[in-house]
Amino acid sequence: MSSIRRLVIDLLKPNEIENVTFARTIADLDGVEGANVSLLESDKDVQNLKITIEGENIDSGVVTTAIEDLGGTVHSVDEVVCGDRMVEESSTHQD
Amino acid sequence: MSSRLADLRELLKDEDVRSISRRYFISNGFDGTLTTIGIIVGSFLGGSQTSMEIVRVVAGGTVGLAASGVWSVWEIERAEKLAELKAVEEKMLTGLEGTRLHDRKGDARKINAAMSGLGPTIGMLLPIIPYFFVGVALSMFWATVAGVLIGVGLLFVFGAYMGNLSDQNWLVAGLRTGVVGLVVGGINIILPG
């Protein structure tokens, strides 16, 4: 089974757990080389984040568990890149 | 264990946790200090108690106030933090039991309760230190005066600290709280009987 090299996740999390904590926790997971956390939306209690994770062999189950342990909920997995090399999204006429 | 300590360290830096703990510490510290000033002045004026009897009365009061501080805050913060958690859970559309946020709120509650109990413990025990020197270096009168002054000093420190925190003049803020100790002592002196 080919390994996951990039994962882009849209999630909701409580404000009280800092974005830095999310980024650090995910970046420290096995198979992950780096993580980018971007704030999409914020209200009084919760924030909507987009997390981009890159690595040689990302375990999506472990990532989801780590997010849930921190109190986050995965809304959607917006991008997955698998295989020996990183393939970027290609544009289509509809774009 | 080390991750638990790291979480605790992170929590101790959290301004919300610090702010709530500070309020309980100072508020209950105030209660404890003023109660002790009242007890020692009243006991001295009563004239029938030995120094160790006064120490025992204040120590008993300390247990009561510290237990009240810990217990009440434990329950208050349980309710407050559960309500906060429920508000977040409603927005998240999921339960948060067992998550880092849930644990964090539990740990914050422990810190709040501990600081709430520590305030009156310090506030009540420090002013009775001079009574341990009665018969050695101090008379009952001077032990009482020293006890009141320690209490006033503590109240001054509480006020100065809050003044410093809020960018007020710490000296004025300290004097404003310190004088309450003298007022309590004064009221005890003019009480009938």
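**Entry 1: the sheet of chain A**

I began with strand β1(A), which is joined to β3(A) by 10 bridges, the two running antiparallel. Two strands count as paired if DSSP finds at least two bridges between them.

Before going on, I noted that this is a predicted model, in which local features need pLDDT of at least 70, side-chain atom pairs count only at pLDDT 80 or more, and totals for chains, interfaces and linings use all residues. Residues are numbered from 1 along each chain as its sequence is written, while chains are lettered from A and ligands numbered from 1 in the order in which they are written.

Back to the bridges: A:I9 has A:I51 as its bridge partner in β3(A). I also found 8 bridges between β1(A) and β4(A), again antiparallel, with A:R6 partnered by A:V81 in β4(A).

Is β1(A) enclosed or open? I looked up burial: a residue is buried if 20 or more other C-beta atoms lie within 10 Å of its own, exposed if 12 or fewer, and partly exposed in between, with C-beta atoms placed from the backbone. In β1(A), 8 of the 11 residues are buried, so the strand is largely enclosed by the rest of the structure.

Next I put the strands in order. The open sheet has 4 strands, β2-β3-β1-β4 of chain A, with antiparallel pairing. Its edge strands are β2 and β4 (73-82) of chain A, each of which pairs on one side only.

**Entry 2: the hairpin**

I followed β2(A), residues 34-42, into β3(A), residues 46-58; they pair in the antiparallel sense over 8 bridges. A hairpin of 3 residues joins them. A:S42 stands opposite A:Q47 in β3(A), and A:G34 has A:E54 as its bridge partner in β3(A).

A:D43 lies in the loop between β2 and β3 of chain A. Is A:D43 buried or exposed? I counted it as exposed, because it has 9 C-beta neighbours inside 10 Å. I also checked A:D43 against A:T92: they are 49 residues apart in sequence and 35 Å apart in space, C-alpha to C-alpha.

**Entry 3: the helices of chain B**

Chain B was another picture: I found 6 helices and 0 strands. Its C-alpha atoms fill a box of roughly 65 × 35 × 35 Å along the principal axes. Of its 193 residues, 39% count as buried.

I checked two helices against their expected span, which is 1.5 Å times one less than the number of residues. Helix α3(B) has 42 residues and reaches 59 Å from first C-alpha to last, close to the expected 62 Å. Just after α3(B), B:L93 takes a positive phi of about 60°. After α5(B) comes B:D167, with a positive phi near 60°.

Which residues of α3(B) are buried? My list includes B:I54, B:V58, B:L65 and B:V73. What covers the buried residues of α3(B) includes β1 and β3 of chain A, together with α2, α4 and α5 of chain B.

**Entry 4: cores and contact**

I then looked for nonpolar cores, meaning sets of buried Ala, Val, Leu, Ile, Met, Phe, Trp, Tyr and Cys residues joined through C-beta atoms within 7 Å. The largest has 36 residues, and B:I37, B:I40 and B:L155 have the most contacts inside it. Two or more residues each come from α2 (15-46), α3 (51-92), α4 (100-125), α5 and α6 (170-190) of chain B. The largest share, 12 residues, comes from α2(B). Another core, of 22 residues, lies apart from it and has among its members A:A35, A:V46, A:I58 and B:L96.

What does B:I40 touch? Counting contact as C-beta atoms, placed from the backbone, within 7 Å, and leaving out residues up to four places away in sequence, I found B:I54, B:P127, B:I128, B:T144, B:G147 and B:V148.

Last, the contact between the chains takes 11 residues from chain A and 9 residues from chain B. On the side of chain A, β1 (4-14) and α2 (60-69) give two or more residues each.

Technical notes. Contact = placed C-beta atoms within 7 Å.
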